[in-house]
Amino acid sequence: QVQLVESGGGSVQTGGSLTLSCVASGRTFSIYGMGWFRQGPGRERELVAAINWSTGRTYHTDSVKGRFTISRDSAKSTGYLQMNNLKPEDTGVYYCAVKSGRGAEYDYWGQGTQVTVAS
């Protein structure tokens, strides 16, 4: 079992910045990768960014490239999502999740943190 706790959400104006954190506990040695997902009002949940826990290799969806950066501190079992130049369409509940293998599903999820970007 892996437990995930997110923090760092809030309300900002367009162009503002936020940093989300996701602290993992439990069987953290089993983490292969971490992803940040979001679900906006009336929209499906989407993968925003992902990181390979051991290599640090990252993926960012096109709509956030150049604005968001995923990172991790393995020693602290913590993942981060730095979000700059936020736009109203970034509004939603952000979730972190981890998986135990390359082709595996994300099987542990955090409780979510709300991000609201006002125009």
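Colleague: Which strand gives the largest share of the lining of the largest pocket?

Modeller: Strand S5 does, with 4 residues. One caution: this is a predicted model.

Colleague: How big is that pocket, and which residues are closest to its centre?

Modeller: Its volume is about 290 Å³. Of the 14 lining residues, Tyr32, Ala50, Ile51, Asn52 and Arg57 are the closest to the centre.

Colleague: Which strands each supply at least two residues of the lining?

Modeller: Strand S4 (33-39), strand S5 (46-52) and strand S6 (58-60) each do. By class, the lining has 7 nonpolar, 4 polar and 3 charged residues.

Colleague: Now the charges. How many salt bridges does the structure hold?

Modeller: The structure holds 4 salt bridges.

Colleague: What makes Arg38 and Glu46 a salt bridge?

Modeller: The N to O distance between their side chains is 2.7 Å. The cut-off is 4 Å. The pair is within the cut-off, so it counts as a salt bridge.

Colleague: Why is Arg38 called buried?

Modeller: Its relative accessibility is 5%. Buried means under 20%. Arg38 is therefore buried.

Colleague: Why is Glu46 called partly exposed?

Modeller: Its relative accessible area is 25%.

Colleague: What makes Asp62 and Lys65 exposed?

Modeller: Exposed means over 50%. Asp62 has a relative accessibility of 61%. Lys65 has a relative accessible area of 51%. Both values are over the limit, so both residues are exposed.

Colleague: Why does Arg67 with Asp90 count as a salt bridge?

Modeller: The closest N and O atoms are 2.7 Å apart. That is within 4 Å, so the pair qualifies.

Colleague: What makes this a link between distant parts of the chain?

Modeller: The two residues are 23 residues apart. Arg67 is in the loop between S6 and strand S7 (68-73). Asp90 is in the loop between strand S8 (78-83) and strand S9 (92-99). Both Arg67 and Asp90 are buried.

Colleague: What joins Arg38, Glu46, Arg67 and Asp90 into one network?

Modeller: Salt bridges that share partners join these four residues.

Colleague: On to the strands. In what order do the 4 strands of the open sheet stand?

Modeller: The order is S1-S3-S8-S7, and the pairing is antiparallel.

Colleague: Why do strand S1 (2-7) and S7 stand at the edges?

Modeller: Each has a single partner strand, so one side of each is left without a neighbour in the sheet. The twist averages 15° from one strand to the next.

Colleague: How do you know that S1 and strand S3 (residues 18-26) pair?

Modeller: Pairing needs at least two bridges. S1 and S3 have 6, in the antiparallel sense, so they pair. Leu4 stands opposite Ala24 in S3.

Colleague: What makes the side chains of strand S11 (residues 113-118) alternate?

Modeller: Thr113, Val115 and Val117 point to one face and are buried.

Colleague: Which way do strand S2 (residues 10-13) and S9 run relative to S11?

Modeller: S2 runs parallel to S11, joined by 4 bridges. S9 runs antiparallel to S11, joined by 3 bridges. Ser11 stands opposite Thr116 in S11, and Val93 has Gln114 as its bridge partner there.

Note on methods. Residues are numbered from 1 along each chain as its sequence is written. This is a predicted model: local features need pLDDT of at least 70, side-chain atom pairs count only at pLDDT 80 or more; totals for chains, interfaces and linings use all residues. Side-chain values use heavy atoms; hydrogens and water are left out. On a 1 Å grid over the protein atoms alone, a cavity is a set of points where a 1.4 Å probe fits but cannot get out, and a pocket is an open set with protein on both sides within 12 Å along at least five of seven lines; lining residues have an atom within 4 Å of a point. Grid points are joined across faces, edges and corners, and a volume is the space filled by probe spheres set on the points. Ala, Val, Leu, Ile, Met, Phe, Trp, Tyr, Cys and Pro count as nonpolar, Asp, Glu, Lys and Arg as charged, and the others, Gly among them, as polar. Buried means under 20% relative accessible area, exposed over 50%, partly exposed in between (1.4 Å probe, protein chains only). Axes are lines fitted to C-alpha atoms, for helices over the stretch in contact, and angles run from 0 to 180 degrees between N-to-C directions.
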